[in-house]
Amino acid sequence: MWRNETGIVAFWGLNGNQVIANQGVGTLTTDWHYISTGDFNGDGKSDALWRNDNGTVNIWEMNGNQILADLYVGSVPPDWKIIDTGDFNGDGLSDLLWHQDGTGITAAWELNGNQIIGNHGIGTLTTDWHLLA
């Protein structure tokens with residue numbers, strides 16, 4: 001997935017290192033930032049995770065380069081950063097790993113699609129530790 005300075009998002013379909021498709025997907029204002037991909041709805045296809053400067057988190061459920069749904073997940077103050085996505089609870093769906101700048105607090109949102117089904121504190125790191133995810 002690519003994005004230009006005007007907010008247009010495009011998709012490159014790849015076969016190995018060959019671009020086989022170059023298609024526009026949608027447009028977002030520049031206060032939205034791409035975070036990661038994951039399979040949030042369990043359809044076996046990658047979805048796109050976005051975060052706004054105001055802390056809002058949205059998921060684009062995708063089918064290739066087609067946006068099936070633009071879904072609100074939640075909102076967290078901007079000093080919380082999404083560190084990674086992964087299936088942390090073993091249900092086959094992607095979840096979010098969070099870390100708060102300055103405090104070292106780490107937490108996970110267990111998701112079912114765009115629904116938060118669990119919000120768990122994991123632990124706190126002193127400021128001399130840095131997450132590598």
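1. **How to read the values.** This is a predicted model in which local features need pLDDT of at least 70 and side-chain atom pairs count only at pLDDT 80 or more, while totals for chains, interfaces and linings use all residues. Residues are numbered from 1 along each chain as its sequence is written, and side-chain values use heavy atoms, with hydrogens and water left out.

2. **The sheet with β1.** Helices (H or I, at least four residues) and strands (E, at least two) are DSSP runs, numbered from the N terminus. Two strands pair if DSSP finds at least two bridges between them. An open sheet is made of 3 strands in the order β1-β2-β3, with antiparallel pairing. β1 and β3 (18-27) stand at the edges with a single partner strand each, so one side of each has no neighbour in the sheet. Between β1 and β2 there are 2 bridges, and Trp2 has Ala10 in β2 as its bridge partner.

3. **Trp2 and Trp12.** The whole structure holds 4 aromatic pairs (rings of Phe, Tyr and Trp, the last by its six-membered ring, with centres within 6.5 Å; planes under 30 degrees apart are stacked, over 60 edge-to-face, the rest tilted). Trp2 and Trp12 form a tilted pair, at 4.9 Å centre to centre and 55° between the planes. This pair links distant parts of the chain, with Trp2 in strand β1 (residues 2-3) and Trp12 in strand β2 (residues 8-15), 10 residues apart.

4. Tyr34, Trp50 and Trp60 are joined into a cluster by ring pairs. Trp50 stands opposite Asn58 in β6. Strand β6 (residues 56-63) has 7 of its 8 residues buried, so the rest of the structure largely encloses it.

5. **The neighbours of β6.** Strand β5 (residues 47-52) runs antiparallel to β6, joined by 4 bridges. Their hairpin has 3 residues between the strands, and Gly55 there takes a positive phi near 105°. On to strand β7 (residues 66-75): 8 bridges join this strand to β6, again antiparallel. The hairpin of β6 and β7 has 2 residues between them, and Gly64 in the turn has a positive phi of about 65°.

6. **Asn63.** Asn63 lies in strand β6 and pairs with Gln66 in β7 as its bridge partner. Asn63 is partly exposed at 31% relative accessibility. Beyond residues up to four places away in sequence, Asn63 touches Lys45 and Leu68 (contact means heavy atoms within 4.5 Å).

7. **Asp95, worth a look.** Asp95 sits in strand β9 (residues 95-100). What is the nearest side chain of opposite charge to this buried residue? It is Arg51, 16 Å away, and Asp95 has no salt bridge (a side-chain nitrogen of Lys or Arg within 4 Å of a carboxyl oxygen of Asp or Glu; Lys and Arg count as positive, Asp and Glu as negative, and His and the chain ends are not counted). A polar atom of the Asp95 side chain lies 2.7 Å from the backbone nitrogen of Leu111, and one lies 3.5 Å from the backbone nitrogen of Asn89. Leaving aside neighbours within four places in sequence, the contacts of Asp95 include Asp84, Asp87 and Glu110.

Terms used
Buried < 20%, exposed > 50% of the residue type's maximum accessible area, 1.4 Å probe, protein only. Polar contact = N/O pair within 3.5 Å; in protein donor to acceptor, adjacent residues only side chain to side chain.
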